[in-house]
Amino acid sequence: ISYSVAEEADKGTVVGNLAKDLNVNVRDLQTRNLNIVSGHRKKYFEANFKTGDLYVNERIDREELCLNSIKCTLNVEAILSDPVVHRRIEVVIADVNDNVPTFMDKSFSLNISESSPVGERFLLPLAVDADSSSNSVKNYKLSVNEYFSLDVQSGGEHGASAELVLLKALDREKQGVIKLTLSATDGGRPPKTGTLQIIVNVLDVNDNTPSFSKTLYKARVNENAPVGSVVIQLNATDLDEGDNGKVVYSFFKRANFNPSDIFLINAETGDVSVKRELDYETQSAYEIHVQATDKGSSPRRSNGKLLIEVVDVNDNAPEIIVTSLMNPVKEDAETGSVVALVTVTDKDGGNNGQTRCKLVGSTPFKLNSNYKSYYSLVVDGPLDREAHPSYNVTIIANDD
């Protein structure tokens, strides 16, 4: 069963009618002990036995649940007894435009040589908007001026980004400082806007810009790579002589991500190495912007991009969550009666996160697979309290 509800919906908001979708008379919901079960700590949804409605029981913040995810869903299960009916319910959480695009800093300074050629580009900071999809940052605009235009590039699921493009040759003697305003607008209706002041300091000459050997570098590193491991070596050259041709490498901090928190870059050699332990489950890839800057008195720089993919290592064991539905169990319980629900999760990706579940030993119970990693523990044979008043049931989950 699939429903949808907007985030921040008021408590009590009806998501759907279970009696209708389960094809059950409303009067039977209570007598058949309707249970709503989920693997979340908060009970976001509850059922009204009188109407059969599934309604919002806790505040739902989409950004808290599914930050950086295009589709956000909450999965719950509805269980009826006598006879047993077991259905999975997927509730899609629709985004509300409740966040304003924000820049990490109030202002951003650029040092640009007066000899910079028309058409040269300068990377600008990204605005952050916790909202998703159409409500995230969609466009950037630049205040009216005679020197610069704005080139906005759509990054698909990564949102838009912007570069400053030089339209007209600069003259430090005519204007040494240029102040601009960059506006970031999201796709909400109505849209929300955040601004950043750009201060351009016009500097004197150094007429060749460092150039990276590639526009995009790609590398892979295991999540258990030791600190200090070299991931890749960047290479940029500058046709100038002396200090004006000597290149130093650096990371470019954008929005709330600072590559220097995770990786080190050797300013002289361009080697990028691991600074601290990586975790595939926390982040599987890093998009890093790098700069090559010469050592001239009026340094010039070029921008490059490095994509580092973190390779998953099987470093997480499966976790088993058991929800008891019937305890104690009556000795006359019929074969197939559901005793408990078992949910298995594994934080790893790919085969490392695929799980299998089984019972150990001989007991009058068995595991039925409901959906992917959801199982039911059911009665699988006659029970006799006088012979066996209790059973210890061992469940083992393995990943692939």
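Visitor: Which residues lie nearest the centre of the second largest pocket?

Guide: This is a predicted model, where local features need pLDDT of at least 70, side-chain atom pairs count only at pLDDT 80 or more, and totals for chains, interfaces and linings use all residues. Residues are numbered from 1 along each chain as its sequence is written, and side-chain values use heavy atoms, without hydrogens and water. A pocket is an open set of points on a 1 Å grid over the protein atoms alone, where a 1.4 Å probe fits, with protein on both sides within 12 Å along at least five of seven lines; lining residues have an atom within 4 Å of a point. Of the 34 residues lining the second largest pocket, those nearest its centre are N75, T345, D346, S373 and Y374.

Visitor: Which element gives the largest share of the lining of the second largest pocket?

Guide: Strands are DSSP runs of E with at least two residues, numbered from the N terminus. Among the elements giving two or more residues to this lining are β24 (319-324) and β25 (338-345). The largest share, five residues, comes from β6.

Visitor: Which cysteines form a disulfide?

Guide: A disulfide is a covalent bond between the sulfur atoms of two cysteines; here the pair must lie within 2.5 Å. The whole structure holds one disulfide. With sulfur atoms 2.1 Å apart, the partners are C66 and C72.

Visitor: Is C72 buried or exposed?

Guide: Buried means under 20% relative accessible area, exposed over 50%, and partly exposed in between, with a 1.4 Å probe and protein chains only. Because its relative accessibility is 1%, C72 counts as buried.

How values were computed: Helices (H or I, at least four residues) and strands (E, at least two) are DSSP runs, numbered from the N terminus.
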